[in-house]
Amino acid sequence: MASALPITPTDPDPSFAELLAGRPHLSMHALDGLMVEGVPLHRVAALAGTPTWVTSAGALRRRARALKAALAAAGLQAGIHYAVKANTGLAVLRVLAAEGLGADVVSEGELRAARAAGIPAAAIVFSGVGKTERELRLALAEDIAQINVESAEEVEMLSALATTLGRVARVALRVNPDVDAKTHAKITTGRSENKFGVAIDDAPALYARMAALPGLEPVGVATHIGSQITSGMAAYRAAYVRLAELVQALRLAGLPVKHVDCGGGLGIPYRDEPAPSPEALAGAIKATLGGLGLPVMLEPGRWIAGPPGLLLASVVLQKQGAARRFLVLDAAMNDLVRPAMYEAWHGILPVSPVDFVAPVGPADVVGPVCETGDTFARGRAMPSLSPGALVAFLDAGAYGAAMSSTYNMRPLAAEVLVDGDRFAVVRERQSYAALLGDQRLPDWLTE
Ligand code: LLP
């Protein structure tokens, strides 16, 4: 990720005002401070406490519509299957379902969440390199739209299972196009050394095998080359060119291909890195796959859910260390793990209007967890903040709450949805009863 590069003096962080400017659902009110749509964040904190995830329904809708519009403008017949892993909140899924988005799921839990939010089975795709028999059974019982298979072994297993259950599984073959998406090593997926998909050279024979098996109906090919792709369209184009060649080869062999699943991965500007637009992605799809005359599917997660969400946290204390100033927050790496895990950069805005314009100096913004890795930002230009002051981590809607844990016995944070002037807690902060409640002591320790 470009955001992982060391920050040099010639490359200063964007100012608070610059961070706000690119995020239309956020604004700074002279009295009420930082607002999400029509809701001041201090009101959210008063109701729900901190740390709390806050999502703008309006921003979710705007982004879903912008992506649909870009695909339509390119003349593509396209279905969007939102990658549920990015944000699994039922309220988020419900907003996106109402926009007509389907779901890309990778586990039984995600399939259940998508169904619970009202996404029809006919709009659900199941991806993943290691679906269990139990998960495949559920997918077949629900009769979801498509299962993306990723290996010869899975092809045989799924056909046998479907036959036993008297079903025919609609399957797409995920191919690994062996292209470098030039993103963070932990989230690149389209290289031959990655675990995902089957080698493109093996795909024609496996697709023919899928067509011959009784429990399967091959419906297409799929790929996903990585996440947070900000390096332009070259990697996408390279992957889609290979996919188009594969589809032509399959057609020549008389094999049916109904659509092409183009995956997700579209990056967003966390800091000020240039990020590709949905129009650019639509153009790349049109230029490479358009000639096939087939409908396409997309599986975006971050591009839809990232910018609409933020993590609201409070300052516990400001500590002057020997060499640096530390802002210690009540949010930690168990809440937002992306900085610790991927060296990710997230904008951090003071919420109070006074703090927003106060003089800034370098500070390390950290959580209370007992690891040095529990650092959100180093040397970040921040004002002096008092205990209780609120800050907001920007663009935290994707892979934020979804990746959080209870490390250090810290309850999962609350979640709030903002919609215009309304807001509601859509997930209660986890209680200590729930945090402890599913543990048991064996008899022999309590005798
Ligand atoms: N489709 C498949 C098969 C995927 O594996 C993924 C993401 C997506 C779609 C959605 O990708 P997106 O549009 O969100 O880039 N936790 C990491 C990101 C991991 C992405 C995993 N797969 C992060 O916080 O950066």
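By class, six nonpolar, six polar and six charged residues make up the shell around the ligand. This description rests on a predicted model, in which the ligand sits in the largest pocket. The residues of that shell are drawn from both parts of the protein, with at least three coming from each of domain 1 (16-56 + 307-437) and domain 2 (58-305).

**Ligand surroundings**

- Among the 18 residues around the ligand, the ones that come nearest are S227, E299, R338, Y342 and Y399.
- On the side-chain side, a polar atom of S227 lies 2.4 Å from an oxygen atom of the ligand, while a polar side-chain atom of E299 is placed 2.6 Å from a nitrogen atom of the ligand.
- Of the 580 Å² of accessible area that the ligand has on its own, the protein covers 91%.

**Domain arrangement**

- The domain assignment divides the protein into domain 1, given as 16-56 + 307-437, and domain 2, given as 58-305.
- The C-alpha centres of domain 1 and domain 2 are 32 Å apart, and 28 residues of domain 1 are in contact with 25 residues of domain 2.
- Domain 1 and domain 2 each contribute at least three residues to the shell around the ligand.

Technical notes:
Residues numbered from 1 in each chain as written. Predicted model: local features only at pLDDT ≥ 70, side-chain atom pairs only at ≥ 80, totals over all residues. Heavy atoms only, no water. Near = heavy atom within 4 Å. Polar contact = N/O pair within 3.5 Å; in protein donor to acceptor, adjacent residues only side chain to side chain. Areas by Shrake-Rupley, 256 points an atom, 1.4 Å probe, with all protein chains shown as cover. 1 Å grid on protein atoms, 1.4 Å probe; cavity = no way out; pocket = protein on both sides within 12 Å on 5 of 7 lines; lining within 4 Å. Sits in = over half its atoms within 2 Å of the grid points. Nonpolar A, V, L, I, M, F, W, Y, C, P; charged D, E, K, R; others polar. Domains from an automatic or database assignment. Contact = heavy atoms within 4.5 Å.
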